[in-house]
Amino acid sequence: MSTPDNNLSHTQSYNNNNSSGLLIPGIYLPLQSIGSRILLLSGPSGVGKTMYCRQFLLEGLLKGEKCIFISTDLSKIQFNALFSDVENKTILDHMDFINPCEGTSLSHNETEISSKRLATIILSDLERSLEIRPAGETEAQASSKQMMKEDDEDVVGNTSKRVRLVIDSMTHAQLLLGERTLIEFVMDLTRLLKGLNVTAILTLTTSSVDQRMVSNLSSIVDGIIEMRLKEDSNDMTIRSIRLRHLKGSYYDPKWTSFKISSDGTIIFRNAQHSSTRASAQFTCALCAKPILGTPLVKSDLIFDSKECMEIYYRLENAYGSKISDTGLPSEAFHASFFYVDIVGLSDPTLSVKNQIQKIQALNELIHSCDSFRKTSAGKRIILPSGDGMAIGFLSSSETPLELSIQLHHKIHAYNQQKYTADSLGVRIGLGSGPVFTVSDLNNVQNIWGPGIILARRVMDAGDNGHILIAEKLAEELISLKDEYRRVINLISNKYRIKHGQEIKLYSAYSKDFGNPQIPAKVFL
Amino acid sequence: MPRCIAFHSYKGGTGKTTIACNLAAMLSLRGYNVSLLDLDVYAPSLHAYFNYSANKWINDLLFENSDLNEIMVDMTSTLTKHAAEKTDRKIGKLLVGFSNPQKEEIYKLEGSMKTANANIQLLRRFVQLREDLISDFESDYVILDTSPGIRYWSINSLAIADILFLTLKFGDLDIEGTIKMANDIYGSFTKFGSKSFLLLNLVSGYCIPRTYLHSSQSADKMSSSMAAEGTAIEIQTFQNELGSDTFLSDQTKMELISAIPCYCDIQFQKKEFLTVLQYPDHPFAKQLEQLAMTKQIGV
């Protein structure tokens, strides 16, 4: 097995950077502040749990981390054989091997008290290895120091130093300790490691039908790693691994295949899990993988490759405002808004039937406008508001005003055929600005942001027949065409909207559309 | 450089699957590793084309019930089995991923589109599929047989491809729909690195009754009017059908990459199967060869 010699600088940054995540073979553990993590590695017999632990420890040794291997069934000779292929034997000096059964008088047929004693011996040996309890120190002395640790972490144990711990296997330990004592042992272990910086892997042999022990321990440990064994159509054995659960973190539980080479090295299909790469702090907006190289940043999104960035933007462009339906994060986008509501719809003298007719009439009239029909569904966002609606246009800043003028013409024609009580009156507010796509409680796509809020505030200022336009959109339109310059008029230099914000307010009108009167709220 | 090629159309029945399978076989025969995916998830057909009953499907991969190793079926032996001419050249691997035609699986794929969280998991595995085929399976070409029209999985398929072939069929061609679709969504892909091209299939007026499928020996007896044998046919003009030979290119803003004539012996046979292997001198095979040699595919 090759052992890179020049690890020092990498190790240094790795250990000092507690804000970054930890890369263990095939798995990225998201960032966590200092503290231990106990992971249960479960899988069938022969899947490679011990070899995985071997790699986990070797990668720690290469980073200069302290490593501890605890086994109740492996002898010292067998342990040495496990690491016999390692070229640079000096790194093994930083690893402790603990087998409490070697050198003790315990035998497999002892009573429950012996089981507890065995568990205590394992924890005592571990404390010594972690330098919490020096050799020869009594339990009382250790306990006293443990209490002091709460006040001064530097006194007992080196909490800043990363330690890797393996207990292989819990299945064999269960035979010696019994199920109840084993669970108590794991609980004691979590207490012991609390406040230290230990990543521990406890192996457990499971079958597809017996997951009881995994279930029991899952509430005690911080995460569960699963391994599985399959055969492909060519009778080749395929091993794979995934992080199924990690407390306090979202993690995509994706299986990653791996092979075990003749020298015991675990080789993952995805080479990016190599320990020689820097640990990641960001995940790709498209594939959600940790970014191990230089991230590509565009707008407020981060990608791990050009391919991911291109695929994201193809999807984003194709789905338009529906991008949030895919679950992909969306960036802010610019839209021009048409906000309309029916004036006097909540008048208590109006029957519900009349109210519904008016809402339906407004919907039909809007749908019949050319500017609405000619805008493809992907380039517009419709948000019903009960007595009206907001329509966001992604294509052109002119469309909201075109729609307003066309709607006024349609309403004029509609009202000529109706009695006064049935006639339709609307007020319209236009604005533009950035918005974000979000999914609401029903997972329906929705938008929110200054663009739509401004259109609403502007509309609220109007009376029947008004087409009011917020400053930025109005000035953009005025600079665009002379015909807009003729119909868009400044009506207030400092119109105060909610939260004390002051804006310039414009009104669009001519003899065919709009309302030339100053709105009552502006006049006041 | 590995390429991901998607065959797409506005409507079904344009010949996407036939062209995709034949191109995949041709590229493999020329030594390239090819992965062919049935992404027509709403109406899968590759399993029927290859007459293969898969144990694991692309659907299983998307729902994390299987690995890529399990869903990609090595069909390389099919190439040598059906090739009319033995070749000493090294044949590339032809791996095929099948889509599950069971209605429950199709519903499931559609039914999962309920929450953004469920969607993103599927989409990410889908994106990873392309990456794994290139990086882990060392595919030189990934060929996608997509669903027609603008649907969730056809958009996703087009988004992961480098080269898009918008396939049109003459006859019942819905030109207006195709042009609208091209203008609505293809710009979204080409704006960010993809290349899109028009591919005309089943072009009328070149139909030559042949007997290839009954007796390849009888090909020698064909009349001299069948001068197209062994060469690609040059498509003259589409003025009769479309009013202008550049009408479609102008309207869709896409270059016409190839026009494949309609061949009765292929069109009306019970089942076409890898014509490029079985009848390498067939004009259809030659036409595909010409397509493969365009700089876009790069053989």
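Tutor: A residue counts as buried if 20 or more other C-beta atoms, placed from the backbone, lie within 10 Å of its own. In chain A, 39% of the 524 residues are buried. This is a predicted model: local features need pLDDT of at least 70, side-chain atom pairs need pLDDT 80 or more, and totals for chains, interfaces and linings use all residues. Residues are numbered from 1 along each chain as written, and chains are lettered from A and ligands numbered from 1 in written order.

Student: How many helices and strands in chain A?

Tutor: Chain A has 16 helices and 21 strands. These are DSSP runs, numbered from the N terminus: helices are H or I with at least four residues, strands E with at least two.

Student: OK, packing. What angle do helix 6 and helix 7 of chain A make?

Tutor: About 120 degrees, with the axes 7 Å apart. Axes are lines fitted to C-alpha atoms over the stretch in contact, and angles run from 0 to 180 degrees between N-to-C directions.

Student: Which residues of helix 6 of chain A meet helix 7 of chain A?

Tutor: A:Met170, A:Ala173, A:Gln174 and A:Leu177. Contact means C-beta atoms, placed from the backbone, within 7 Å. Their partners in helix 7 of chain A include A:Leu182 and A:Phe185.

Student: Switching to chain B. How many residues touch?

Tutor: 26 residues of chain A contact 27 residues of chain B. On the chain A side, helix 9 (306–319) gives the largest share, 7 residues. Strand 9 (237–246) of chain A also supplies at least two.

Key
Contact = placed C-beta atoms within 7 Å. Buried ≥ 20, exposed ≤ 12 C-beta atoms within 10 Å, placed from the backbone.
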